[in-house]
Amino acid sequence: MEYTRLGRSGLKVSRIALGGMSFGDSSRGFTDWALDDDAAEPIFRQAVELGITFWDTANIYGFGTAEEIMGRAITKYTRREDVVLATKVMFKMHDGPGGAGLSRKAIMEQIDASLTRLGTDYVDLYQIHRFDPETPVEETMEALHDLVKAGKVRYIGASAMWAWQFAKMQHAADLHGWTRFVSMQDQYSLMHREEEREMFGLLTDQGVGSIPYSPLAKGRLARPWGGNTARSANDPVAERSFSDADKPVADAVQRIAEERGIPMAHVALAWVLQNPVVSAPIVGATKEHHLPDAVAALDVRLTHEEIKTMEEPYTLRMPIGY
């Protein structure tokens, strides 16, 4: 395993992050393919054995059950001080005034609920899951700053928004001397490169690390085009995100993987890792080969020609999920 600082912060993370959206109680209706405690056990054990110390989840995953499972896993398979634990806040957890959004009330209420589910008294990285247009950015940034000062949160991060929105929030923090974001969790893969337009330049300028989600385009870059899995067959977000126009990208990855004699996932993830603004791609593992494949990508060095071959077929699109 390789380790790096998250942006220009002092926080050291593994270069592969374990994603928490794969875990939860499927009976709660969040996803049909989520793993419960028993099914997730091999994944957590592998993460520990492989040196993956950066674990990311969110309150909305499994409607709280993903946090519960990850919290129990930390207690069972490792030590709290050996994990960089990240979670998120924004999406609706209940109908009350503190059940959603980034108001001071919601942030204060939801961090306490997350800490209870995770079985800890602090999280290392607390991320806003989206931009909240209904709450003044000053209210959000001051509330996050207060969580840091209270010791409930060590660092703060953001996720999936326009570059101008992120810049506005960082500026508010600078004006008032509040805690700044150290990370941006954005969608980035060979099939979704829109963050290269403005966000990545801003992150570089601000010293913020990118921790991309869906670095394998929700699995579409890990297998030949047209192959289906239990997740892909039940993931409406993926259906909206990708189309047959992306087939040439997958075909290029497959061709290079076959020439090298390695899995497609190694090649596609190596491409994400070679971007200097990327600190740690987030891998949502549901099978025992997923994490070893991700770690193996750290040793893959792509040539200029290979990179060009995979990038050329890219189709411009509107960002999904903002």
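Hi everyone, and thanks for coming. Some ground rules: in this predicted model, local features need pLDDT of at least 70, side-chain atom pairs count only at pLDDT 80 or more, and totals for chains, interfaces and linings use all residues. Residues are numbered from 1 along each chain as its sequence is written, and side-chain values use heavy atoms, with hydrogens and water left out.

Let's start with the rings. How many aromatic pairs does a search of the whole structure find? The search finds seven, where rings of Phe, Tyr and Trp (its six-membered ring) pair if their centres lie within 6.5 Å; planes under 30 degrees apart count as stacked, over 60 as edge-to-face and the rest as tilted. Take F23 and F44: the planes of their rings meet at 35°, so this pair is tilted, with the centres 4.6 Å apart. The pair links distant parts of the chain, 21 residues apart: F23 is in the loop between β3 (17-19) and α1 (37-50), and F44 is in helix α1. Helices (H or I, at least four residues) and strands (E, at least two) are DSSP runs, numbered from the N terminus. Both F23 and F44 are buried; buried means under 20% relative accessible area, exposed over 50%, and partly exposed in between (1.4 Å probe, protein chains only).

For a stacked example, look at F166 and F181, with 5.6 Å centre to centre and 25° between the planes. F166 belongs to helix α5 (residues 163-176) and F181 to strand β8 (residues 181-185), so here too distant parts of the chain are linked, 15 residues apart. F166 and F181 are both buried. One aromatic cluster is formed by F23, F44, W55 and Y77.

Now, charges over rings. The rule asks for NZ of Lys or CZ of Arg within 6 Å of the ring centre and within 35 degrees of the ring normal. Over the ring of Y122 sits the charged end of R80, 4.1 Å from the ring centre. The charged end of R154 also sits over the ring of Y122, 3.9 Å from its centre.

On to salt bridges. Side chains of opposite charge can pair when their charged atoms come close. With a side-chain nitrogen of Lys or Arg within 4 Å of a carboxyl oxygen of Asp or Glu as the criterion, the count is 16. R79 and E81 form one of them, at 3.4 Å from N to O. R79 is partly exposed at 47% relative accessibility, and E81 is exposed at 55%. A network of salt bridges links R79, E81 and D82.

Another joins K92 to D95, with the closest N and O atoms 2.7 Å apart; D95 is exposed at 69%. Then there is E194 with R197, where the closest N and O atoms are 2.4 Å apart.

Last stop: K88, in strand β5 (residues 84-89). K88 has a relative accessible area of 0%, so this lysine is buried. Leaving out residues up to four places away in sequence, K88 touches several residues, including D56, Y61, Y126, H129 and Q185, where contact means heavy atoms within 4.5 Å.
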